[in-house]
Amino acid sequence: MNNMRTWLLALCLTATTITMAQSNDPMVVKTRSGLVKGIDQEGSMAFLGIPYATVERFMPPQPVKKWKGVRVCDHWGPMTMQQQNRPMTEEQMSENCCVLNVWTTELPNSSLQSKAAKPSAKLKPVMFWLHGGGFDSGTSEWDPGMCLAKKDVVVVSINHRLNILGFLDLSTVSKKYKYSGNVGMLDAVQALEWVRDNIAQFGGDPNNVTIFGESGGGGKVGTLMCMPKAKGLFHKAIIMSGTILNVNTKKMTEELGEAVLKELGIDKKNIDKIKDVPYKDLYAAGQRAMAASIGTRRPGTPMMWGFGPTPDGEVLLQQPFQPAFASFSDDIPLMIGTTFNELQRSRYGQQITFEEARKELQRTFGDETDAYISAFMESYPDKTLERLPQDLLSIDWLFRPKTIITADAIGGKRKADTYVYMYTVGESDNRGYKGSAHGAELKYCFDVLHHYSNQLSQSTLDANQIWATRISDVWAQFAHTGNPDSNGLYGWHPYTKENGELLEFGGSDARIHNNHDRKLEEIINRHCFKQLDEFRATHQ
């Protein structure tokens with residue numbers, strides 16, 4: 001009996017010692033689910049791979065169950081299942097992918113107090129990142145936030161369900177799967193709820209959250225602006241090259257869901273068998289079903305459909321950018337923009353003549369080719385003759401036209417302001433000039449240009465570091481105030497259809513333009529979006 005008492009006393013003393021050690025560890029934070037321990041990343045505290053939800057295939061996410069002890073968050077969590085060219089472990093890629101990352105430079109005085117830290121003026125704005133990859137692929141591992149966090153913000157990024165796992169609409173088959181067509185975006189809402197409940201412990205203000213994303217991530221930002229469950233969970237938004245139109249309708253996604261079951265040979269009575277189908281077979285069946293029902297989507301087309309969010313009138317009220325957002329987001333300040341080159345087309349970076357470029361342009365613009373060239377030169381009179389043939393072919397034909405249409409629809413017409421930008425910072429690598437391609441601005445808004453020393457020329461790294469500082473400052477300033485130019489450095493005003501105002505990041509210095517390319521973009525819109533009109537006429 002005495003031996004048992006001695007053992008119990010020793011156990012209690014050990015537990016007390018561990019708890020005291022944890023409470024003195026500056027890298028340990030108490031969340032509602034349990035303790036997490038971070039690591040140092042370039043002077044910021046990083047907490048990688050924190051679970052924010054548990055998931056069951058095709059079902060809405062659920063809060064994470066509590067864990068005991070300290071979870072060491074020192075490496076990236078798994079990305080969602082997706083097509084990969086190399087084998088990956090379950091730790092790298094899994095259906096159990098609902099993890100997030102937090103970067104901060106300062107924690108509340110007592111991170112292990114029993115009650116959650118209360119929001120205060122000392123808490124920092126939160127920047128909540130949604131990665132690109134359409135609604136099909138990608139991971140937050142590409143975009144680390146440790147340098148952006150040094151701009152007096154707390155950065156959060158997430159992984160969530162994508163492709164057929166996140167957006168297979170089985171609502172016509174079983175009430176159980178009523179929300180299966182939107183669970184990928186419900187994951188994002190669950191992550192925002194985690195931020196609301198926990199981010200104060202990391203020094204972040206749950207009442208000042210900016211959602212931002214690029215490409216498909218920008219599309220996700222727009223989608224959240226149309227989801228009632230997300231209302232109140234974010235307060236500002238940044239959409240970067242994200243205005244591809246999602247043309248999914250409920251009818252289309254219901255048809256696709258039933259086509260997937262047909263491909264798998266699963267009848268409605270045995271619907272739960274779909275949970276046991278290996279992911280590789282499930283994904284392949286989804287691609288076959290899409291080809292057979294509504295058609296496959298080619299990358300680079302001006303619209304998306306298939307396995308992506310569907311407007312069901314409850315989870316998602318409408319698709320974004322068509323042309324605006326749900327009215328409940330009218331009080332959300334928005335910054336929206338594109339890069340100059342975006343999805344560069346054939347022969348970019350090669351030496352071509354003006355006549356060769358003109359001949360290639362005729363395939364798209366026909367009788368309006370000369371009008372397109374004239375409008376381009378009026379819009380960008382300072383473009384060098386050396387690069388003019390390439391720029392004529394490589395200018396963005398995809399995002400900028402629809403960004404103008406969206407900005408026209410909301411600028412000066414909502415309670416909150418809209419700010420428009422264009423990124424034209426040029427880059428070179430060992431193969432020559434690269435321009436300002438799709439996604440190139442990410443290393444600047446995250447201020448991690450120095451991570452690309454093996455990919456970019458030294459001249460680019462030396463000349464462009466000032467842009468990394470400027471752009472990340474603007475992004476963080478918007479998170480702080482809802483005004484990206486609150487210090488008045490650029491004289492950047494909110495957008496209206498009449499002023500057509502944007503700030504260009506590029507050239508020798510940032511500069512303001514007003515409706516400089518409207519005529520050009522109207523020509524592009526007429527010729528490059530014919531497929532959109534034809535698709536809508538066929539499917540809606």
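Biologist: How many disulfides does a search of the whole structure find?
Modeller: Zero, going by a search of the whole structure. Bear in mind that this is a predicted model.

Biologist: Is Cys97 buried or exposed?
Modeller: Cys97 is buried, at 0% relative accessibility. Cys98 is buried too, at 2%.

Biologist: Switching to the fold. How many helices and strands in the chain?
Modeller: There are 14 helices and 18 strands.

Biologist: What do the strands form?
Modeller: An open sheet of 11 strands, with mixed pairing, in the order 3-4-6-8-7-9-10-13-14-17-18.

Biologist: Which are the edge strands?
Modeller: Strand 3 (39-41) and strand 18 (511-514), each of which pairs on one side only. On average, neighbouring strands in this sheet are turned by 25° against each other, ignoring direction.

Biologist: How do strand 7 and strand 8 run, parallel or antiparallel?
Modeller: Parallel, with four bridges joining strand 7 (residues 124-130) to strand 8 (residues 154-158). As one of the partners, Met127 has Val155 in strand 8.

Biologist: What does helix 3 touch on the sheet?
Modeller: Helix 3 (residues 183-198) packs on the sheet and touches strand 4 (44-51), strand 6 (99-104), strand 7, strand 8 and strand 9 (204-214). The helix direction makes about 160° with that of strand 7.

Biologist: And helix 12? Which strands there?
Modeller: Helix 12 (residues 458-481) also packs on the sheet, and the strands it touches are strand 7, strand 9, strand 10 (236-240), strand 13 (334-339), strand 14 (418-423) and strand 17 (501-505). Its direction makes about 145° with that of strand 10.

Biologist: Where is Asp447?
Modeller: In the loop between helix 11 (442-445) and helix 12. With 13% relative accessibility, Asp447 counts as buried.

Biologist: What does its side chain make a polar contact with, for Asp447?
Modeller: The side chain of Gln465, at 3.4 Å. Setting aside neighbours within four places in sequence, Asp447 is in contact with Cys147, Lys151, Gln465, Ala468, Thr469 and Ser472.

Biologist: What phi does Phe58 have?
Modeller: A positive one, about 70°, although Phe58 is not a glycine. Phe58 lies in the loop between strand 4 and strand 5 (70-72), and at 1% relative accessibility it is buried.

Biologist: And Ser215, what phi there?
Modeller: Positive again, about 60°, and Ser215 is not a glycine either. Its place is the loop between strand 9 and helix 4 (216-224). Ser215 counts as buried because its relative accessible area is 18%, and the cut-off is under 20%.

Biologist: Last one. What share of the 540 residues is buried?
Modeller: Buried residues make up 57% of the chain. The accessible surface comes to about 23100 Å², with 50% of that belonging to carbon and sulfur atoms.

Definitions and conventions. Residues are numbered from 1 along each chain as its sequence is written. This is a predicted model: local features need pLDDT of at least 70, side-chain atom pairs count only at pLDDT 80 or more; totals for chains, interfaces and linings use all residues. Side-chain values use heavy atoms; hydrogens and water are left out. Two strands pair if DSSP finds at least two bridges between them. Helices (H or I, at least four residues) and strands (E, at least two) are DSSP runs, numbered from the N terminus. Axes are lines fitted to C-alpha atoms, for helices over the stretch in contact, and angles run from 0 to 180 degrees between N-to-C directions. Contact means heavy atoms within 4.5 Å. A disulfide is a pair of cysteine sulfur atoms within 2.5 Å. Buried means under 20% relative accessible area, exposed over 50%, partly exposed in between (1.4 Å probe, protein chains only). A polar contact is a pair of N or O atoms within 3.5 Å; within protein, one must be able to donate a hydrogen and the other to accept it, and residues adjacent in sequence count only if both atoms are side-chain atoms. Accessible areas come from the Shrake-Rupley method with a 1.4 Å probe; for residues, only the protein chains shown count as cover.
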